[in-house]
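Student: I have a structure open on my screen and would like to learn how to read it. Could you walk me through it, one feature at a time?

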Amino acid sequence: MDGKFGFTVQARDGQARQGVISTPRGEIRTPAFMPVGTAATVKAMMPESVRATGADILLGNTYHLMLRPTAERIAALGGLHRFMNWDRPILTDSGGFQVMSLASLRKLTEEGVRFSSHIDGSKHMLTPERSMEIQRLLGSDIVMCFDECPALPATDAVVAASMQLSMRWAQRSRDAFGDRPGHALFGIMQGGVNRDLREESAAALTGIGFDGYAVGGLAVGEGQEAMFGVLDYAPGFLPEDRPRYLMGVGKPDDIVGAVERGIDMMDCVLPSRSGRTGQGWTRGGQVNLRNARHKDDPRPLDAECACPACRSYSRSYLHHVIKADEIIGSMLLTWHNLQYYQDLMDGLRGAVAAGRLAEFVAGFHAGRAAGDIEPV
Ligand SMILES: [Zn+2]
């Protein structure tokens, strides 16, 4: 593949930015929302359907893929893009967050994390070097540094020690990643909700030098107010000319608030996971399709949405297939939710480009305040 990794900011409105990340596998319009393809699939979606919603990039999970089907098997079969039939950019996480949240018998040392698989109990070791190797075997376009993230709330001493370990691992990740034209390595800022620690972490990362920077350690139970509190200053510690990625976020109003504060990339399982439980995200807020009020409703879930669920099916049908646990219920609602998220990103990008973000955000909140349409 020819081409380099690059990032261009095309417009600004307040702290918000609109731009484009270029990679050899195609462009990523920012602010970007990345659907999560945990185990080499965005659950209930074909890759071409994910693309049809407007997604430019997917996220894959190192922890899941290293255990099953294994990075070595995926590499032997031509890499993750070919394996899952997605030829556009893929970002992989480092495995650090999930090993701490999913694996059992974890032992954290300076070297890395030793753990047992949550699938079969087999023993594994993740280190910065092994994480870089796995992400290279997968063929990831954007590779994340291996880091450690304490659950919040935690004392400043715990957060500081964890952050400093993550910064030593960031240097080891940088060294192990090496020089791979067309592939990017992102550093991850830690430091919890402590401004001084966030600044210290950003300085350590920019001293090492990365292609992009993530704000890590948020969306781990601190609440939106605390998260926005950190995002009021943390993006400003990072280089202007590199993409800023907020990991694991979030709900639509989290996304809007993060974009207002200068975030360029986000990912979350929420639209796909909630689709599988009968939750639809719309311009009027969250709609529970399991609710009996939809039983006789011939109208679409969201009249303004162009997705197949809204174009060709009624709320009554969606209610029926979800209540009956039919697979198409998960398929249609996941598609709708991913479409809603991508439409939201498109709206945000257009608003920043036009210098009318405040107006767009006011409309977003007004729509949600008005709530769902009245029952039939
Ligand atoms: Zn829809």
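Tutor: Happy to. Let's begin with an annotated span: the end C-alpha atoms of residues 15-367 lie 23 Å apart, and the span is 43% helix and 18% strand. UniProt, in an unreviewed entry, places the feature "domain: tRNA-guanine(15) transglycosylase-like" at these residues, 15-367. Keep in mind that this is a predicted model.

Student: How many helices and strands does the chain have?

Tutor: There are 15 helices and 16 strands.

Student: And how do I read the overall dimensions? What radius of gyration does the chain have, and what would a compact globule have?

Tutor: The idea is to compare the chain with a rule based on its length. A compact globule of 376 residues would have a radius of gyration near 21 Å; this chain has 20 Å, so the two agree. Along the principal axes, the C-alpha atoms fill a box of roughly 60 × 45 × 45 Å. Of the 376 residues, 49% count as buried.

Student: Into which domains is the chain divided?

Tutor: The division gives domain 1 (6-268) and domain 2 (277-370). Their centres, taken over C-alpha atoms, are separated by 27 Å. Across the boundary, 25 residues of domain 1 are in contact with 20 residues of domain 2.

Student: Which elements give two or more residues to the side of domain 1 that touches domain 2?

Tutor: They are strands S1 (6-13), S2 (16-23) and S4 (32-35), together with helices H1 (47-52) and H10 (252-260). H10 supplies the largest share, five residues. By class, this side of domain 1 has 14 nonpolar, six polar and five charged residues.

Student: Now the interior. What should I look for?

Tutor: In soluble globular proteins, nonpolar side chains tend to be buried together. Here, the largest nonpolar core has 105 residues, and Met34, Leu58, Phe186, Ala214, Leu246 and Met266 touch the most other members. Helix H14 (residues 327-354) gives the most to this core, with twelve residues. Both domain 1 and domain 2 contribute, with at least three residues from each.

Student: Could we take one of those core residues? Which residues is Met266 in contact with, leaving aside its neighbours within four places in sequence?

Tutor: Met266 is in contact with Phe33, Met34, Leu246, Val249, Gly250, Ile255 and Ala258.

Student: Where does UniProt place the feature "active site"?

Tutor: The unreviewed entry places it at Asp93 and Asp267. Although they are spread over 175 residues of sequence, they cluster in space, with a largest C-alpha distance of 10.6 Å.

Student: Is Asp93 buried or exposed, and why?

Tutor: Burial is judged by counting neighbours, with 20 or more other C-beta atoms within 10 Å as the cut-off for buried. Asp93 has 31, so it is buried. Its place is in the loop between strand S6 (90-92) and helix H5 (96-102). Not counting residues up to four places away in sequence, Asp93 touches Leu59, Asn61, Thr62 and Met144.

Student: And what about Asp267: buried or exposed?

Tutor: Asp267 is buried as well, because 22 other C-beta atoms lie within 10 Å. This residue is found in strand S14 (residues 265-268). Beyond its neighbours within four places in sequence, Asp267 is in contact with Met34, Val36, Leu59, Met247 and Gly248.

Notes. Residues numbered from 1 in each chain as written. Predicted model: local features only at pLDDT ≥ 70, side-chain atom pairs only at ≥ 80, totals over all residues. UniProt positions renumbered as here; feature names shortened; annotations may be inferred. Helix = DSSP H or I, 4+ residues; strand = E, 2+ residues; numbered from the N terminus. Core = buried A, V, L, I, M, F, W, Y, C linked by C-beta atoms within 7 Å. Buried ≥ 20, exposed ≤ 12 C-beta atoms within 10 Å, placed from the backbone. Domains from an automatic or database assignment. Contact = placed C-beta atoms within 7 Å. Rg over C-alpha atoms; globule rule 2.2 N^0.38 Å. Nonpolar A, V, L, I, M, F, W, Y, C, P; charged D, E, K, R; others polar.
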